[in-house]
Amino acid sequence: MSKYLLDKFLFTVDRDAELVERYRADPVGTVAWWEAEEANRILNCVGAEQSTWLAFDDEEREALSAHDYPKLFELGAHPFLTLTLFIAMFERDHGEPLGFQKEYARKLAHFSLPYPDIST
Amino acid sequence: MAELVAVIASTHHPFYYKASTATGEDRPPFADEWVRKVEAFRETLTRARPDVLVMVGSDHFHQLWLDNMPQFLVGKAPVYDANWYNEEREFGLPRMVLKGQEDLSAYILREGLDAGFDLAFSNELRIDHSITCPIITLRPEADLPIVPVYTNIFAPPLPRPKRFVQLGRTIRELVESWPSDQRVAVIGTGHLSLELGGPRQFGPHGPDPQFDQKAVEWISSGDIEGCLAEVTLDSLHAPGNATHGFMDFMLMMGVAGEGRKADYVDTYDLFHTMEAYFTWYPEGGARP
């Protein structure tokens with residue numbers, strides 16, 4: 001289980017306009033590509049110096065591949081990263097202001113304190 | 001020595017820019033009152049006639065990342081580019097460029113290290129809305145050089161609340177001992193109760209109005225001891241999952257000083273979170 005890697009996926013996709021669209025349109029393919037090509041990239045190092053050990057477990061890969069943000073919350077992904085990226089992908093599908101943000105809250109309504117630990 | 005002419009603590013609501021510049025049907029009903037309050041707050045900084053701004057905020061996973069995460073970081077650069085693609089996308093924030101006050105950055109780093117804070121530094125820092133929001137609200141001309149100070153309120157493990165207060169006290173000592181004739185204001189932004197990416201987000205008010213009321217009382221009365229007696233890293237989860245940003249308010253209470261009542265206090269109850277604005281004029285400062 002790697003909360004760090006979940007966060008790294010959300011972080012690197014959220015900051016790249018092209019990847020945001022790609023993840024929205026093809027979540028399964030984007031997650032598979034990212035895990036194969038990007039998961040081990042150390043962000044401020046050249047490609048030759050990449051890590052060797054980072055991979056999602058099945059539950060994490062499934063949650064990302066299904067755009068399942070309540071599951072990401074349960075797994076301890078950083079809620080700010082998840083929220084920001086999912087607003088970028090899905091706010092546009094909701095007519096009223098803050099419509100997506102409120103739906104997001106409703107879908108997490110079954111969680112109570114203490115929330116899942118987000119420490120990495 | 002430099003003169004500390006104002007200490008300002010504020011929330012940093014990223015939607016202010018959009019709300020305040022919207023016109024016609026796009027302008028939300030709460031915008032006019034919000035602008036009025038912000039302009040009154042801005043006047044408290046203008047009156048102090050600062051030359052330099054020390055800006056305390058927190059990177060929201062923009063430049064600082066989990067493979068190399070500092071707890072407290074001071075920018076030391078001649079120029080800071082500001083705001084990021086995802087802030088433009090979500091909040092409509094403009095790209096900005098701010099000048100840096102490098103000699104004060106160097107002084108805070110050297111003296112801060114010697115005072116027991118192992119401060120990280122950055123010579124190329126792109127700052128985010130935790131610092132640009134107060135520039136937009138308090139100094140929209142964006143014409144004064146800054147020293148950015150970033151705190152980690154975001155990626156656990158976090159420093160404890162007491163450490164934020166101690167750093168605030170130290171920042172004050174360092175500003176007041178800086179060998180310069182500049183007039184310095186210290187401005188820091190954080191949050192009252194706040195939930196982001198959780199079930200209590202984006203309600204009609206902040207997630208915990210009772211906490212907000214208590215927090216405003218602690219800050220406006222300078223009750224550092226009372227605040228420290230109640231606020232812990234664990235307790236901050238209860239008012240909302242992003243409420244650790246309140247520790248930047250505690251840092252600013254440290255700058256202002258124990259028992260120092262704020263000279264200016266205003267709040268605005270908005271959807272999602274309560275806005276809160278505080279200004280202190282230290283002794284010898286530019287009290288109007």
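At what angle do helix 6 of chain A and helix 7 of chain A pack, and how far apart are their axes? Hi everyone, let's start there, keeping in mind that this is a predicted model.

The two helices of chain A, helix 6 and helix 7, pack at an angle of about 130°, and their axes are 10 Å apart. The crossing of helix 6 of chain A past helix 7 of chain A is right-handed.

Who meets whom here? From helix 6 of chain A come A:Leu83, A:Phe86, A:Ile87 and A:Phe90, and they meet A:Phe100, A:Gln101 and A:Tyr104 of helix 7 of chain A. By type, the residues of this contact are 6 nonpolar, 1 polar and no charged.

Now to the place where the chains touch. Chain A brings 30 residues to the contact and chain B brings 22 residues. On the chain A side, helix 1 (3-14), helix 6 (79-90) and helix 7 (99-107) are the elements that give two or more residues. Our friend helix 6 of chain A gives the most, with 8 residues. That side of chain A divides into 21 nonpolar, 5 polar and 4 charged residues.

Strand 9 (residues 264-269) and strand 10 (residues 274-280) of chain B run antiparallel, joined by 6 bridges.

Technical notes: Residues numbered from 1 in each chain as written. Chains lettered and ligands numbered in written order. Predicted model: local features only at pLDDT ≥ 70, side-chain atom pairs only at ≥ 80, totals over all residues. Contact = placed C-beta atoms within 7 Å. Helix = DSSP H or I, 4+ residues; strand = E, 2+ residues; numbered from the N terminus. Nonpolar A, V, L, I, M, F, W, Y, C, P; charged D, E, K, R; others polar. Pairing = 2+ DSSP bridges. Axes fitted to C-alpha atoms, helices over the stretch in contact; angles between N-to-C directions. Left-handed = near helix turned anticlockwise from the far one by under 90°.
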